[in-house]
Amino acid sequence: MWKTVLRRLLTMIPQIILLSIIVFVVAQNMPGDPFTGMIDPNVDPAQIEALREAAGWNDPVPVQYVRWVGNVLQGDFGRSYAQQVPVTTLIGGRAANSLRLGIVSTFFTYLIALPFGMFAGRFNNSWFDKFVMIYNYISYAIPTFVLALLMVFIFGYRLGWFPTFGSKNVTMTAGTAEYYWDMFYRLLLPGFTGGILGTASTTQTLRSEVIDAKTQDYVRTARSKGVPEGKIYAKHIFRNALLPIASSFGFIFSSLLSGSVFIEQIFAFNGMGDLFITSINGRDYSVVITLTLLYGILAIIGSLISDIALSLADPRIRID
Amino acid sequence: MSFLELKDLKVHFPIRGGIFNTIQDWVYAVDGVDMIIEEGKTYGLVGESGSGKTTIGKAIIGLEGVTGGQVTYNGVDVTNKARSRRSEYADYNKDIQMIFQDSTSSLNPKKRIKDIIAEPMRNYFNYTNDQEKNEVIRLLEIVGLNEEAIYRYPHEFSGGQRQRLGVARAVASSPKLIIADEPTSALDLSVQAQVLNFMRRIQEEYGLSYLFISHDLSVVKYMADDIAIMHRGRFVERGSKEKIFNNPQHIYTRRLLSAIPQIDPLNREQHKAERRAVEKEYQEQQIHYYSEKGRVYDLQTFDDQHWVALNPNDKIKQSEGGN
Amino acid sequence: MATEENLLEINNLEVGFRFGDEYHNAVDDVSITLKKNEILAIVGESGSGKSTLATAIIGLHDPLNTKVKGEILYKGLDLTKLNEKLYNRIRGNDIGMIFQDPLGSLNPVMTVGKQIEESLIYHTDLKENARQEEVLKLLDQVGIVNPQRTAKQYPHELSGGMRQRVVIAIALANKPPIIIADEPTTALDVTIQAQILDLMNDIQDETNSGIILITHDLGVVAETADRVAVMYAGQIVEEAPVDILFTDPKHPYTRSLLNSIPQELEGEEVAELHVIQGTVPSLQALPRTGDRFKNRIPWMPDEVFDEDPQLAEIAPGHKVRGNSWKHFYFEGEEEK
């Protein structure tokens, strides 16, 4: 397995170089720059030009690229022009928020999707299956912001069970148990909302895998041994039906950090999705480039994780 | 007389691995096979799964790349040219056709039978519409289907009928050789009989040759004039049907023949004893029949129209076999 | 046949599949017995109902869309009346089943040892260690050279022949008195087929079980069976000891089938193979009255067919359906 991991990591290098070039060139060609709109239009254009010159933005693109790569290799991803902090600091704080939210969302997704998919598949065409189908259609079709607003309205405003605003309580002392509990508590509503949105595809996949596995010959063999129905599902059908879910694990991993713009904005949760949109709107190149690069790398690692997860779950797939 | 020749044909598949996904080893699917196909004859290619028999057929028709050796058609080197569109290879493409175990997948479900069967004609002949239609009807009649079939779709036919349509389409380009890969293995006995009968009838009418690939020795025995037995990508024995069935020499051939179930329930204990004796001999003697690396030896002339892959250094064994 | 004890007695069995609101019988009026220590072959082409019969005996048909009528008697118990829970005590314990495709029949993500062990879990009180020992014994019994190693392997790591040995080990795990083998060698090469058939014979000698061998391969029947039932369109049309069936077949279908085997006799001009005219009608189109084989032998005059052909014993152990056989001749032959 390590050989494959090593090989895949090695092939990542050209992929990342290519990705960084594309990202860099695209960012360069985005209309406008961070100074657009920030600087008083009455300022002398020559002065702006001097600023641009000082920032090195008038150098040829390859020169800028090489300079940027040199900095990146030293761990310097530049500064956010909009917020005047190092990009790493900016992203670091946001990433932690998104990661927490992503993990909680994923947990809720599986908590709902696994039993739904399994039982809908086992008892297909039953009333439960029909209920799951309707649920799926709704969760698939409903726009994120509509659901998020609904959740805020019902659980936050009407019932008042959850806070609806922010990822932490700044008035509490950081580091206390109470502070962490509060942080966790604040994750639940946005996490649950995100979780619901992710269930449809997993439920659907699992349901059809279970229905497919039911008709397999090895299930008939198990029946011919006199294995009780419940055990047939537990030991034979679900085990096989979960294989594609294992292979989607890497994808989920790579999406953990990307966050959801709508959920973050509606719950006032400072995460990556929000950061990405704001930095694009603000032409904050160094942030955009770093984020794009990060997502690219995560996607590549995610597919590697998928392969490893599948090879662990399915003995037929061996990677050496 | 002969029109197609395989000389030392090799089809090797790479096994990749390692950090840089380099070629680590090869699968020697076909590893040095010679064959001469003459007009109007049927050649049986027999072997167990993984012996490489299907790969030979696919290599001739261009579905697998040839790694080494030569395929010549009427003296012209056509190795790896089966799918070439150049006019110099057009005859070769037209004259060699293949039918498969499951015709369903090779018949386009969206096309009517008329278009399916006419397709090779359109590629190779300039028929008028009427000529084309008459020709299609004639072919359908040869394989025992009536005129109404031409406006129907493949799914409207049974397995045996589809297999016959596959035969009709292969015949449509007036080929000289049809490679038939397990054409009746998926069929019931009575349906198989029908397909085999039609294949024989077509052979008489068109004078074409068959390369009949099968694991079923009784079918091959019924169809073929010459038989080659394949093992590990090579021929272990080749010869006329009579020589192979009446005087098999290679231990692998004898083991294969002894394993065929006989429709002779009164003597089955005897068959079983014979089979076990051959199996025992196979276990004990097989090292003499394969090189140290487990490779099948080159074929040696054993008799008129009979070649056996025996150890060239093992003269004693050979003379024993000659008795 | 050491004893004449009946292991299994099937009386007037009907298995119908649902099409919309109607049921159509895929198995119709089947009565047959399986004796101790015999191999009973059930032969037929696709659509004959032979596999449906096997599935019904072990109770694995889809209960929602299948209707079973008649009796399947085992130890005085009518299996058709059992509920799932009781049937599960019979399956694997009293009836073992071997399937056609050994790769598909095994769970790809479970070691073969575990899959054999599963058979023991629900029918024995053995503790885990004892079960694992038993698994190794079973693997050894079915001719696996290195049971320790094989038990830990997954199905895809084994050859086709070894997989089928594992499938047989599963069926044998609880030494069932009845084994149903549904096309057990169809997916295998001939040399492996010979080994598997030998193995089944050996096992039968050791355990005195009764084996129902479902197959379309007449060669396999001739080599292994003691008694043969030929099925056509859901019915048994002929039943006889194996040597009688091959040397003195009576029913027109049996005779036609035997005639379509590719066999070339020494020195003879190659003759055309016999082809049975027409096709097996689909389940819905099957005539429910009269002789079902009638339209396949259209040259026979109407009056030779019975209104309602019954399976009748014409000699000890030799049963034929209807009376058309008394008049049957092949097309082009002289009329008898």
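User: Which elements of chain A have the lowest and the highest mean pLDDT?
Analyst: The lowest mean among the elements of chain A, 73, belongs to helix 2 (residues 45-55) of chain A. The highest, 94, belongs to helix 8 (residues 217-224) of chain A.

User: And what is the mean pLDDT of chain B?
Analyst: For chain B the mean is 88, with 97% of the residues reaching 70 or more. Residues 318-323 of chain B, however, have a pLDDT below 50. Beyond near neighbours in sequence, that stretch has 3 contacts in the model. Where pLDDT is low, the predicted coordinates should not be read in detail.

User: How many helices and strands does chain B have?
Analyst: Chain B contains 11 helices and 12 strands. Its radius of gyration is 21 Å, close to the 20 Å that the globule rule gives for 323 residues, so chain B is as compact as a globular protein of that length. Along the principal axes, the C-alpha atoms of chain B fill a box of roughly 65 × 60 × 45 Å.

User: How many residues do chain B and chain C bring to their contact?
Analyst: Chain B supplies 28 residues and chain C supplies 29 residues. On the chain B side, the elements giving two or more residues are helix 6 (189-206), helix 7 (217-223), helix 9 (251-259) and helix 10 (268-289) of chain B. Helix 6 of chain B gives the largest share of that side, 6 residues.

User: What classes of residue make up that side of chain B?
Analyst: The side of chain B that touches chain C has 12 nonpolar, 9 polar and 7 charged residues.

User: Let us turn to helix packing. At what angle do helix 1 and helix 3 of chain A pack?
Analyst: Helix 1 (residues 2-28) of chain A and helix 3 (residues 61-73) of chain A pack at about 125 degrees, and their axes are 11 Å apart. That angle makes helix 1 of chain A oblique to helix 3 of chain A. The crossing of these two helices is right-handed.

User: Which residues meet there?
Analyst: From helix 1 of chain A come Ile21(A), Phe24(A), Val25(A) and Gln28(A), which meet Val61(A), Tyr65(A) and Trp68(A) of helix 3 of chain A. By class, this contact has 6 nonpolar residues, 1 polar residue and no charged ones.

User: How are helix 7 and helix 9 of chain A arranged?
Analyst: Helix 7 (residues 177-214) of chain A packs against helix 9 (residues 229-241) of chain A at an angle of about 135 degrees, with the axes 8 Å apart. The two helices are therefore oblique to each other, and helix 7 of chain A passes helix 9 of chain A in a right-handed crossing. Helix 7 of chain A contributes Leu206(A), Glu209(A), Val210(A), Ala213(A) and Lys214(A), while helix 9 of chain A contributes Ile237(A), Asn240(A) and Ala241(A). These residues divide into 5 nonpolar, 1 polar and 2 charged.

User: Finally, at what angle do helix 3 and helix 4 of chain C cross?
Analyst: Helix 3 (residues 112-121) of chain C and helix 4 (residues 128-141) of chain C cross at roughly 115 degrees, and their axes come within 9 Å. That makes helix 3 of chain C roughly perpendicular to helix 4 of chain C. The crossing is right-handed.

Definitions and conventions. Residues are numbered from 1 along each chain as its sequence is written. Chains are lettered from A and ligands numbered from 1 in the order in which they are written. This is a predicted model: local features need pLDDT of at least 70, side-chain atom pairs count only at pLDDT 80 or more; totals for chains, interfaces and linings use all residues. Two residues are in contact if their C-beta atoms, placed from the backbone, lie within 7 Å. Helices (H or I, at least four residues) and strands (E, at least two) are DSSP runs, numbered from the N terminus. Ala, Val, Leu, Ile, Met, Phe, Trp, Tyr, Cys and Pro count as nonpolar, Asp, Glu, Lys and Arg as charged, and the others, Gly among them, as polar. Axes are lines fitted to C-alpha atoms, for helices over the stretch in contact, and angles run from 0 to 180 degrees between N-to-C directions. Angles under 35 degrees count as roughly parallel, over 145 as roughly antiparallel, 65 to 115 as roughly perpendicular and the rest as oblique. A crossing is left-handed if the near helix is turned anticlockwise from the far one by less than a right angle, and right-handed if clockwise. pLDDT is the predictor's confidence in each residue, from 0 to 100. The radius of gyration is taken over C-alpha atoms; the globule rule is 2.2 Å times the number of residues to the power 0.38.
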